[in-house]
Amino acid sequence: EKGEGGEVNYEAAMQAYARACALNGALGCYNLGRMYRYGIGQEVDEDRAKRAYRKGCDLADRDACRML
């Protein structure tokens, strides 16, 4: 997402976080929620952000829980 060692690619970051979240990766869910909440690489989508944070929280990510 930050482009360390290459170009910034928000689309690739979004896809990677979505895949990680789908595979029950709590941190992936948190990062996906953050991208939706703050409009990183796309428009803000609070509903999707909340869904991603909820799943991350359910998977025991404290940061995701704090964002709810």
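Which residues have the most contacts inside the largest nonpolar core? I looked this up first, keeping in mind that the model is predicted. The answer is L32, M35 and Y53, in a core of 16 residues. I then checked where the core comes from: α1 (10-22), α2 and α3 (46-58) are the elements that give two or more residues to it. Helix α2 supplies the largest share, five residues.

Next entry: α3. I read off 13 residues and a reach of 18 Å from the first C-alpha to the last, close to the 18 Å expected at 1.5 Å a residue. Its buried residues are A49, A52, Y53, G56 and C57. They sit on the same side of α3, because they cover an arc of only 135° around the axis. I looked at what covers them and found α2 and α4 (62-66) included. On the face turned away from the buried side, I noted the exposed residues D47, R51 and D58.

Then the ends of α3. D45 caps the N-terminal end, with a side-chain oxygen 3.3 Å from the backbone nitrogen of D47. After the helix comes A60, and its phi is positive, near 80°.

Last entry: R37. I found R37 in helix α2 (residues 26-38). Is R37 buried or exposed? Its relative accessible area is 17%, so R37 counts as buried, the cut-off being under 20%. The side chains of R37 and E46 are joined by a polar contact of 3.5 Å. Leaving out residues up to four places away in sequence, I have R37 touching V44, E46, A49, K50, Y53 and M67.

Definitions and conventions
Residues numbered from 1 in each chain as written. Predicted model: local features only at pLDDT ≥ 70, side-chain atom pairs only at ≥ 80, totals over all residues. Heavy atoms only, no water. Helix = DSSP H or I, 4+ residues; strand = E, 2+ residues; numbered from the N terminus. Buried < 20%, exposed > 50% of the residue type's maximum accessible area, 1.4 Å probe, protein only. Polar contact = N/O pair within 3.5 Å; in protein donor to acceptor, adjacent residues only side chain to side chain. Contact = heavy atoms within 4.5 Å. Core = buried A, V, L, I, M, F, W, Y, C linked by side-chain atoms within 4.5 Å. Expected span 1.5 Å × (residues − 1). Arc of directions from axis to C-beta.
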